[in-house]
Amino acid sequence: MNKIGAKLHFNGVVQGVGFRPFLYNLAICHEVVGYVRNMGDAGVEVHVEGNRCNIERFILDLKSHAPPVSEVADVQVEWTDCSGDFHEFSILASDEQRSPLGSMIPPDIGLCDRCTEDILNMRSRWNLYPFTCCASCGPRFTAVLQLPYDRDRTNMLPFPMCPNCLREYEDARDRRFHAQGVCCHSCGPKITLHDRSGRLIDEVGALEKTSHLLDEGAIIGVKGIGGIHVAASAVRDDALLRIRRRKHKPSQPFAVMSRSLDTIREFAYVSDSEAQLLGGWRRPIVLLRKRRDHGLSDLVGPGLDTVGAMLPYTGIHLLLTEFCRSPALVMTSGNISGLPMAIAKDQAIQELSDVVDYFLFHDREIVARCDDSVVRLLSEVPTLIRRSRGFVPTPIAVPLKAEANIIGVGAELRLVGSVLRGDQCYLTQHIGDVDNLETMVFLQDALEHVLGLAGIPHNGLTVSHDAHPRYLTSKLAKDLARDWSGKTVWVQHHHAHAASLMAENMVPVDESIVAVAADGVGFGLDGDVWGGEILVASYASFERVGHLARQPMPGGDACAIFPLRMCAAMLSPYLDDKRVRSILLSKKGRGALKEDDLDRLEAQLRGGLGVSWTSSTGRVLDAMAAGTGVCLERTYEGEPAMRLEAVAGEGNPEDPSSVPSLLVRDGGVTVVDTTRMLLETLLAIGRISIADACASFQQSLASALGHAATEAARDRGISQVGVTGGVAVNIRIVETIKRCVEEAGLDFLQHRLVPPGDGGISLGQAVVAASKL
Ligand SMILES: [Zn+2]
Ligand SMILES: [Zn+2]
C-alpha cells in the first residue's frame, strides 16, 4: 500500500507533561514512523509517515487519549509525500533555542490514576511510596528552580536516581521517560513523623501512624508539595475546636480532603461537572452544597450550606486518606493569621508548634509556596475563587499587545501579582491578605520568580497598582519602580476588575462593556469607598454611570466588623419608627445594639465625625445579614454575606422590592436606593420567613444592578454586560444579573480564568496600564 507523510500542528501541548512517551507508544501501536521534538517555545513538532489509515487512527487516538494536561484541541494535518527517511518513531533532542516569548513550566499535576494504582498495588515497587509520580503527574511549579526544566534545576537534585529508576527514566517507551521527579523507596525523599518541637518519632510507617493519630483527634502539620497543611479529622469536634482556638479562627470555613468521590458524596451533593472538577488533574478544592445529614463536624464551616472538598493530589495525601477511618480530613493552610503559609521545617516548627500536636515532614524542599485553588460552579461555569496550585504559572492570553513589560501588584486582599508581556499575562500564585511585611516580601519574591521563569528583565518594568495611596502594595509599586528604573501607573479598583473581565473574555481593544463591579471595598476617585458600581469601561478609561446609594459608615471599619451598626446607619432616616427600632434592638449576642448605642450612633451621624461613606455591595449584604439576625459579627472576610447566602438558599424570593421603585436618576447617573430595599424587606419579615426575606433581598439587589446595567448598555449601544468583583461568586446574584442581561438581548460576560474577586485584579491593572502607555 502507498505510504504517505503528515506534519501535525496543534495548540495546547506543554512540555513536561508526558506527551512524548505517550506519542512514542501510540506510534508503535499504529505502526507509523517519524519523530516528535520539543520546540523552544514550549510546543512540540510531530512528523509521521505510514499508511494513510494508520496515520488517521494515530491522530484520532492522539486527540482522545492524550495526557489530560496537554489539552490537545484541534489537530491540523498537513499531508506530505512519504520521504522514506524514517525507519522507526523517535524522540529527537529538544530544540534548545528559546523563542522570544519564552517557555513556561506546567502547573503542578495531581496524582494520575496509574500512579495511584502503583502506590496501592502490593506487588509494585512503588507500593506505599508517597512520592510516586510519572511524566504526566507530579509537582512542577512548586518544584522547579529555573528553566529549562531538567532534574538538576528542581528540588530532586539531592536525590540521584537508583539504577531501576534511571532505566525507566531513559526508556522512551516507559511512562516515566524523562519524568524529572521520578524516584522510589530506595532513592527518593523520605517521610518522617515528628513531635511538635520537631523531635523525630517515627520513620518507618510514619503515614500509617499519622492516620491513626488523626482518627484519635490529633492535629498534625502535614508537609505537602506547595506548603504545610494543618490536618485533623473532619468528624472530631474536639480537634476542630482546638484548631479554631489555637489559630484564632472562630468560624472561617475549613477545606476537607477525602479518599474518593463516593466518600465526598456521603456528605455533599456532587453534580457531573463538579465530579469532573474534583477528579481533574488540577485537583482544586470545589465548593459543594452540604447534605443536611452530612455527618461532618459543624465546626468545618459554621453557618454555611457549602463545604470545600478536594481529592488527594499526591501520594502523601492518598495514603493518609486511605489509612484514615474518618471520611474526610480538614486540610487548612498552615499559617498563623495573616502570614504566608510555612514551607520550611524550621519555620513550621517555630510558627505552628502551638497549633499542632505533631508534624509529618519530608526531606524534599518546596521551591515555590502554592496554596490549594478553590473553584465553584456558577450556572455551570467553573469560577475560580482562588487561582493557585494546578493553574499557576500558565499564562492567560489577552487581546492586546503590551509594548512594554508590565507588572501588577494587586490591591490589599487576596493578593495575586501579574506579569504582562506581549499578549500573555502570567499571574503569581495566591499570596494572601496584606497587613504585614512578610506578605509583601512573598509578593515581591513571587513576582521575581515569575519574571525569572519567563526570562523577563527587571529593568524598565512598568508597575501598575491600586489608586489607594496608602495601600502597602501602592508603596511597594513605587519602591519597585524606583529600584528597576521603571514607572508606576495607578488604576482605579473597579476599573481593574472590569478590565480583567474584559481581558479574559477577549473583548477587543476598541470596544467598551458595561460592568457591574460588586465587592466589599475599593478606593473611589471621590474619596468614598466604592463597591456597588456600574461602569462603562474600556481598557483605557471608564465612566461611573451608576452605583448603590451612598451610605454612611459611622466608625468606619466598625460597621464592617459589627454589621448591625451598618444596618442602623442605612436605616437612620427611620430610627423614629418603632418597628425599625425594635428590629434593631431585638438582636442578641456580640455585635447587638442597645438604646443608648442607637442614640450615640444618631448623634455621630448628625455630627459627621468619624463617618465615612460607601456604595459597597458587601456592606449592604452585611446590613441585611445583621438585620435578620443571621450574622452580627464578622470574624473573617465576607462572613456575613456568605451566611446570608446560605440562609437565602433555604428560601424563595417571595416578595422582592419592585425594581423601578428602587432606581433613582441623579443627573446621568442611576442610583440604587438600598435604604428602601433594606427597609421594605426587613418589614416584610413575619409575613414571610427570614429565609424568604434573605432570598428576596439578594434578588432585589441583583435585579436593580442588572437593570441599571442593561439600561446603561442600551442607552449607549453597548452589547456586552458583565459582572465582576468579590460578590460575583454568589450564585443567586450572578444568575439574576445574567437573566436580566440575557432577557434584554445582550451578551453576558463572567469570569472563568481569573477570580472575580481581588485575586483577579492584577490582570486588570496590567492591561489598563498597557493601554494607557
Ligand atoms: Zn503518574
Ligand atoms: Zn529509585
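Trainee: Why is R414 called partly exposed?

Mentor: This is a predicted model, and in it R414 has a relative accessible area of 36%. Buried means under 20% and exposed means over 50%, so R414, at 36%, is partly exposed. R414 sits in the loop between β18 and β19 (418-427), and its phi is near 45°, a positive value in a residue other than glycine.

Trainee: What makes H248 exposed?

Mentor: The relative accessible area of H248 is 63%. The cut-off for exposed is over 50%, so H248 counts as exposed. You will find H248 in the loop between α6 (237-247) and β10 (256-257). H248 also has a positive phi, near 55°, and is not a glycine.

Trainee: Let's turn to the metals. How do you know which residues are the protein donors of the zinc ion (ligand 1)?

Mentor: By distance. A donor is an N, O or S atom within 2.8 Å of the metal. The SG atoms of C112, C115, C134 and C137 lie 2.3 to 2.4 Å from the zinc ion (ligand 1), so they count as its donors. Along the chain these residues are spaced C-x2-C-x18-C-x2-C. Both C134 and C137 are buried.

Trainee: Why is the arrangement around the zinc ion (ligand 1) called tetrahedral?

Mentor: The 4 donor atoms subtend angles of 103 to 117°. Four donors count as tetrahedral if all angles lie between 85 and 135 degrees, so this arrangement passes the test. For reference, the ideal angle for four tetrahedral donors is 109.5 degrees.

Trainee: And what makes the site of the zinc ion (ligand 2) tetrahedral?

Mentor: Here the angles among the 4 donor atoms are 105 to 116°. The donors are the SG atoms of C162, C165, C184 and C187, lying 2.2 to 2.3 Å from the ion. Their spacing along the chain is C-x2-C-x18-C-x2-C, and C184 and C187 are buried.

Trainee: Why is helix α9 described as mostly covered?

Mentor: Of the 9 residues of α9 (residues 315-323), 7 are buried. Those residues are G315, I316, H317, L318, L319, L320 and T321. Since buried means under 20% relative accessible area, each of these residues falls below that value. At the start of α9, a side-chain oxygen of T314 comes to within 3.2 Å of the backbone nitrogen of I316.

Trainee: What lies around the largest cavity?

Mentor: The largest cavity has a volume of about 100 Å³. It is lined by 16 residues, and T132, G138, P139, T314 and G315 are the closest to its centre. The lining divides into 10 nonpolar, 5 polar and 1 charged.

Trainee: Which residues line the second largest cavity?

Mentor: Among them are C133, P139, R140, Y149 and R364. The volume of the second largest cavity is about 80 Å³, and its lining has 6 nonpolar, 4 polar and 2 charged residues.

How values were computed: Residues are numbered from 1 along each chain as its sequence is written. Chains are lettered from A and ligands numbered from 1 in the order in which they are written. This is a predicted model: local features need pLDDT of at least 70, side-chain atom pairs count only at pLDDT 80 or more; totals for chains, interfaces and linings use all residues. Side-chain values use heavy atoms; hydrogens and water are left out. Donors are N, O and S atoms within 2.8 Å of the metal (3.2 Å for Na, K and Ca); water is not among the atoms, so sites may look incomplete. Four donors count as tetrahedral if all angles lie between 85 and 135 degrees; four count as square planar and six as octahedral if opposite donors are over 155 degrees apart and all others between 65 and 115; anything else is irregular. Buried means under 20% relative accessible area, exposed over 50%, partly exposed in between (1.4 Å probe, protein chains only). On a 1 Å grid over the protein atoms alone, a cavity is a set of points where a 1.4 Å probe fits but cannot get out, and a pocket is an open set with protein on both sides within 12 Å along at least five of seven lines; lining residues have an atom within 4 Å of a point. Grid points are joined across faces, edges and corners, and a volume is the space filled by probe spheres set on the points. Ala, Val, Leu, Ile, Met, Phe, Trp, Tyr, Cys and Pro count as nonpolar, Asp, Glu, Lys and Arg as charged, and the others, Gly among them, as polar. Helices (H or I, at least four residues) and strands (E, at least two) are DSSP runs, numbered from the N terminus. A polar contact is a pair of N or O atoms within 3.5 Å; within protein, one must be able to donate a hydrogen and the other to accept it, and residues adjacent in sequence count only if both atoms are side-chain atoms.
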